[in-house]
Amino acid sequence: MSKFMILYRAPGSARDQMANATPEQLQAGLEAWRAWASRVDYAISDLGTPLAHTAHVGAGAASADGICGYSILEAGSAEEIETILNGNPQLAMPGGSAEILEIIPIGEI
């Protein structure tokens with residue numbers, strides 16, 4: 001089994017989406033995540049959380065490119081991760097997408 005980091009993308013920031021949602025919308029969103037997580041709990045290493053871009057350090061231009069959250073999932077392949085992501089609430093949002101990044105183990109540091 002390999003671990004994969006899933007970076008969720010959206011047209012707006014997670015902070016703005018949460019600030020502009022009604023309590024009912026927030027509750028519905030949490031329930032959708034709970035339902036998806038309970039269906040794929042066998043693959044969840046870290047369900048993750050929303051993210052907010054706060055700083056940039058080092059060379060190059062700052063860019064979060066719409067990243068609004070993450071999860072870490074375990075599976076045999078990236079293709080299996082795509083199947084696991086079926087029904088994911090982030091992907092059901094208008095403009096929602098995800099990047100699948102394989103975590104490469106490097107041993108102890």
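Ala, Val, Leu, Ile, Met, Phe, Trp, Tyr, Cys and Pro count here as nonpolar, Asp, Glu, Lys and Arg as charged, and the others, Gly among them, as polar. By these classes, the lining of the largest pocket has 14 nonpolar, 8 polar and 1 charged residues.

The model is predicted: local features need pLDDT of at least 70 and side-chain atom pairs pLDDT 80 or more, while totals for chains, interfaces and linings use all residues. Residues are numbered from 1 along each chain as its sequence is written, and side-chain values use heavy atoms, without hydrogens and water.

**Sheet**

An open sheet is formed by 4 strands in the order β2-β3-β1-β4, with antiparallel pairing. Strands (E, at least two residues) and helices (H or I, at least four) are DSSP runs numbered from the N terminus; two strands pair if DSSP finds at least two bridges between them. The edges are held by β2 and β4, each with a single partner strand, so one side of each has no neighbour in the sheet. Strand β1 pairs with β4 over 7 bridges, and Phe4 has Glu102 in β4 as its bridge partner.

| Element | Residues |
|---|---|
| β1 | 2-9 |
| β2 | 44-50 |
| β3 | 67-75 |
| β4 | 97-103 |

**Pocket**

A pocket is an open set of points on a 1 Å grid over the protein atoms alone, where a 1.4 Å probe fits, with protein on both sides within 12 Å along at least five of seven lines; lining residues have an atom within 4 Å of a point. Of the 23 residues lining the largest pocket, Met18, Gly29, Leu30, Trp33 and Pro50 are the closest to its centre. Helix α2 gives the largest share of this lining, 7 residues.

Technical notes. Contact means heavy atoms within 4.5 Å. Axes are lines fitted to C-alpha atoms, for helices over the stretch in contact, and angles run from 0 to 180 degrees between N-to-C directions.
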